[in-house]
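I opened this one to go through its packing, its surface and its charge pairs.

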Amino acid sequence: MKPDYNLIWVVVLMVLAQLTAFYLVKDLDWKWVVFWAYAFGSCISHSMTLAIHEISHNSAFGNSKAMWNRWFGIFANLPLGLPYSISFKRYHMDHHRYLGGDGIDVDIPTNFEGWFFCTRFRKFIWIVLQPFFYAIRPLCINPKPITRLEIINLLAQLIFDVAIYYLWGVKSIFYMLAGSVLGLGLHPISGHFIAEHYMFLKGHETYSYYGPLNLLTFNVGYHNEHHDFPNIPGKSLPLVVKKIAAEYYDNLPQYNSWIKVLYDFVMDDTISPYSRMKRQLKGEVKQD
């Protein structure tokens with residue numbers, strides 16, 4: 001349970017890669033801007049959200065330097081185009097403490113989502129619109145007072161977006177925002193949203209994925225391991241947890257393809273946004 005300092009340099013390189021991409025797309029035809037937003041920008045953007053996930057667990061600088069992680073999360077957030085890092089950290093800690101907690105864990109779909117997105121076509125649309133639902137769900141389920149850091153996150157993002165528009169124009173802004181929306185919607189990496197906690201098998205509410213996309217996602221696929229040891233950086237989960245404690249994980253249900261998870265979610269009529277474990281919490285609830 002120690003920081004992964006390599007995460008710092010990986011995030012810096014990802015930010016520089018996106019800045020380079022913003023410059024390169026500024027004079028392209030629109031069709032190529034859209035193409036590269038999906039083919040490249042979406043992968044970097046989704047990967048960056050999972051870097052922010054790592055940072056939310058203080059994996060960059062350690063728990064003793066929590067504020068360094070918050071500032072670094074705001075920096076990592078910049079090429080996504082929309083402020084996200086600080087709010088994500090607050091809600092994600094609730095997800096770990098109160099997994100499936102009714103009215104607390106905003107990873108649980110709303111009743112409307114479960115009721116409406118119940119056919120194959122509607123479930124497909126729900127996958128496409130996942131960024132929208134992840135953005136508005138906290139406001140519907142568990143709204144929280146805005147903090148000073150969230151305001152700083154917003155202002156920093158606005159300044160960055162205005163600077164990109166001023167330097168390189170509307171195509172760079174479109175590439176940035178479209179990459180974020182497309183990467184979190186109908187995209188192979190987005191299979192992790194459903195793979196992690198949707199109950200394809202009764203009695204199993206958390207699943208791990210051991211496929212190659214872990215290389216782009218800071219091992220977020222090692223999800224049983226992550227929930228058991230949230231303070232171990234993703235880089236270390238395959239060795240420190242999975243290999244050493246293999247007898248606890250090898251026989252659990254697992255995935256090797258996030259694309260298949262998306263396909264099965266749409267085509268299996270027994271699975272829907274309702275296919276989650278929801279708990280009524282008792283006693284004192286301490287939120288971030």
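I'm working with a predicted model, so local features need pLDDT of at least 70 and side-chain atom pairs count only at pLDDT 80 or more, while totals for chains, interfaces and linings use all residues. Residues are numbered from 1 along each chain as its sequence is written, and side-chain values use heavy atoms, with hydrogens and water left out.

**Cores.** I looked up nonpolar cores, meaning sets of buried Ala, Val, Leu, Ile, Met, Phe, Trp, Tyr and Cys residues joined through side-chain atoms within 4.5 Å. For burial I use relative accessible area: buried is under 20%, exposed is over 50%, and partly exposed is in between (1.4 Å probe, protein chains only). The largest nonpolar core has 35 residues, and Val11, Met48, Trp126, Ile194 and Phe265 touch the most other members. Two or more residues come from each of helix H1 (6–25), helix H2 (30–56), helix H3 (66–77), helix H6 (120–128), helix H10 (191–195) and helix H13 (258–267). I take helices (H or I, at least four residues) and strands (E, at least two) as DSSP runs, numbered from the N terminus. Another core lies apart from this one, with 12 residues that include Ala37, Ile173, Tyr175 and Met176.

I then picked out Ile194 and listed its contacts (heavy atoms within 4.5 Å). Skipping neighbours within four places in sequence, Ile194 is in contact with Trp126, Ile127, Phe200, Val261, Leu262 and Phe265.

**Surface patch.** Next I checked for patches, built from residues with over 30% relative accessible area and no salt bridge; like charges are joined within 9 Å and nonpolar side chains (Val, Leu, Ile, Met, Phe, Trp, Tyr) within 5 Å. Trp30, Val34, Tyr165, Val170 and Phe174 make a nonpolar one of about 480 Å², with areas from Shrake-Rupley and a 1.4 Å probe, only the protein chains shown counting as cover for residues. H2 and helix H9 (170–183) each give two or more residues to the patch. Tyr165 sits in helix H8 (residues 148–168).

**A loop residue.** Is Thr217 buried or exposed? I get a relative accessible area of 1%, so Thr217 is buried. Thr217 lies in the loop between strand E1 (208–209) and helix H11 (223–228). Not counting residues up to four places away in sequence, Thr217 touches Leu50, Ile189 and Trp258.

**Salt bridges.** My criterion is a side-chain nitrogen of Lys or Arg within 4 Å of a carboxyl oxygen of Asp or Glu. The search of the whole structure gave me 11.

- Asp102 and Lys278 meet at 3.7 Å, N to O. Asp102 is in the loop between helix H4 (85–97) and helix H5 (111–116) and Lys278 in the segment after H13, so the pair ties together parts 176 residues apart in sequence. Asp102 is partly exposed at 35%, and Lys278 is partly exposed at 36%.
- Arg137 and Glu113 meet at 2.7 Å, N to O. Arg137 is in helix H7 (residues 130–141) and Glu113 in helix H5, 24 residues apart. Arg137 is buried at 2%, and Glu113 is buried at 1%.
- Lys260 and Asp264 meet at 2.7 Å, N to O. They are 4 residues apart in helix H13, so about one helical turn separates them. Lys260 is partly exposed at 49%, and Asp264 is partly exposed at 24%.
- I also noted a network of salt bridges linking Asp94, Arg97 and Lys144.
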